[in-house]
Amino acid sequence: LPQLAVIPASGGPARILTAELDRWISSFRFSPDGQWIYLAYEHLGGTNLARVRLRDGKLEPVLQGEQQASSFDVSRASTLAAVIQHMNDAPELYSVARGRALRLTGINDAYLQTVVRASKEKVEFKSPDGTAVEAFVTKPPGYAAGRRYPTLLHVHGGPVGQFAYGFDFEAQYFAAHGYVVVQPNPRGSTGRGQEFVRGIYQTWGITDYDDVIAGVDHMIREGVADPDRLGVHGDSYGGYMTNVIVTRTPRFKAA
């Protein structure tokens, strides 16, 4: 679990500042006065911003919610500039102050007005052992409720990582060709703490298999996925899981 710690420049033990957060820290910046460290951490398919005080380890939220905040920096007035994506948005630059994000740029607006985007949403379901799991589901443009669609299960790499909010070209591409794309965050993914990450310790291809298949089954129960037209793909660890899946079930017509 990557945590934020400070170590005396002259040497000595590390003092961990974010133990209570139990989330993967992805980047950090010092405040101009050196009293706080601002940080980004992964949470439930998103990336939030927070800050921690060096003196006593006090942790404060800076920006929470359904967004993916990536690169950021801190001004002398403690206003943040951050690259942020929401559910179907391409990255843009925002200023962040008092828990709110104000969009500053529209670099991708002209392009996005020329294309029809698919609909992306987040769903939650239970694995067979009762574990709560989430997935991002991208539906084709013009999706019609009550109609079943050919569906692709997409397994992410890592395995320590997560599918997240924001514009996903690959999912959009397949959805534009009529597919529903299911992108689960099974055990081993970040965003739910270290116990969830270690849920595949010595069980690769077992607990994570149950989780990703549960995502497909959830969309079948919802009347969205066609159980007779399923495909699976992934890269890196997702490629490994694709191989595991096709040896454990004949349900997928292509991999």
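Me: The loop between S11 and S12 holds threonine 131. Does threonine 131 count as buried or exposed?

Reply: Please keep in mind that this is a predicted model. A residue counts as buried when its relative accessible area is under 20%. Threonine 131 has 19% relative accessibility, and therefore counts as buried.

Me: S11 and S12 belong to a sheet. In what order do its strands stand?

Reply: The sheet is open and has five strands, in the order S11-S12-S14-S13-S15, with mixed pairing. S11 and S15 are the edge strands, each pairing on one side only. On average, neighbouring strands are turned by 25 degrees against each other, direction ignored.

Me: How should I read one pair of strands within this sheet?

Reply: One may begin with the general idea: in a regular strand, side chains alternate between the two faces of the sheet. Here, S12 and S14 are paired in the antiparallel sense, over five bridges. Phenylalanine 136 has glutamine 183 of S14 opposite to it.

Me: Which helices meet these strands?

Reply: H2 lies across S12, S13, S14 and S15, and runs at about 150 degrees to S14. H4 packs on the sheet and touches S11, S12, S13, S14 and S15, while its direction makes about 110 degrees with that of S11.

Me: Which residues of H2 are buried, and why do they line one face of the helix?

Reply: In H2, residues 169–176, the buried ones are Ala171, Gln172 and Ala175. Viewed down the axis of H2, they fall within an arc of 100 degrees, so they line one face. These buried residues pack against strands S12 and S14.

Me: What is found at the two ends of H2?

Reply: At its start, a side-chain oxygen of aspartate 168 comes to within 3.1 Å of the backbone nitrogen of glutamate 170. Just after H2, glycine 178 adopts a positive phi of about 95 degrees.

Me: How should I read a nonpolar core?

Reply: In soluble globular proteins, nonpolar side chains tend to be buried together. The largest nonpolar core of this model has 26 residues, of which Leu153, Met219, Met241, Ile245 and Phe252 touch the most other members. Strands S11, S12, S13, S14 and S15 and helices H4 and H5 each give two or more residues to this core. H4 gives the most, with seven residues.

Me: Which residues does phenylalanine 252 touch?

Reply: Not counting residues up to four places away in sequence, phenylalanine 252 touches Leu153, Ile213, Val216, Leu230, Gly231, Val232 and Ile245. Another core lies apart from this one; it has 14 residues, including Ala69, Leu80, Tyr94 and Val96.

Me: How are strands S7, S8 and S9 joined?

Reply: S7 (residues 68–74) pairs with S8 (residues 80–85) in the antiparallel sense over five bridges, and aspartate 73 has alanine 81 in S8 as its bridge partner. The two strands form a hairpin with five residues between them, and serine 78 in the turn has a positive phi of about 65 degrees. S8 and S9 (residues 92–97) also run antiparallel, joined by five bridges. Leucine 80 has valine 96 in S9 as its bridge partner, and a hairpin of six residues joins S8 to S9.

Technical notes: Residues are numbered from 1 along each chain as its sequence is written. This is a predicted model: local features need pLDDT of at least 70, side-chain atom pairs count only at pLDDT 80 or more; totals for chains, interfaces and linings use all residues. Side-chain values use heavy atoms; hydrogens and water are left out. Buried means under 20% relative accessible area, exposed over 50%, partly exposed in between (1.4 Å probe, protein chains only). Helices (H or I, at least four residues) and strands (E, at least two) are DSSP runs, numbered from the N terminus. The arc is that of the directions from the helix axis to the C-beta atoms. Contact means heavy atoms within 4.5 Å. A polar contact is a pair of N or O atoms within 3.5 Å; within protein, one must be able to donate a hydrogen and the other to accept it, and residues adjacent in sequence count only if both atoms are side-chain atoms. A nonpolar core is a set of buried Ala, Val, Leu, Ile, Met, Phe, Trp, Tyr and Cys residues joined through side-chain atoms within 4.5 Å. Two strands pair if DSSP finds at least two bridges between them. Axes are lines fitted to C-alpha atoms, for helices over the stretch in contact, and angles run from 0 to 180 degrees between N-to-C directions.
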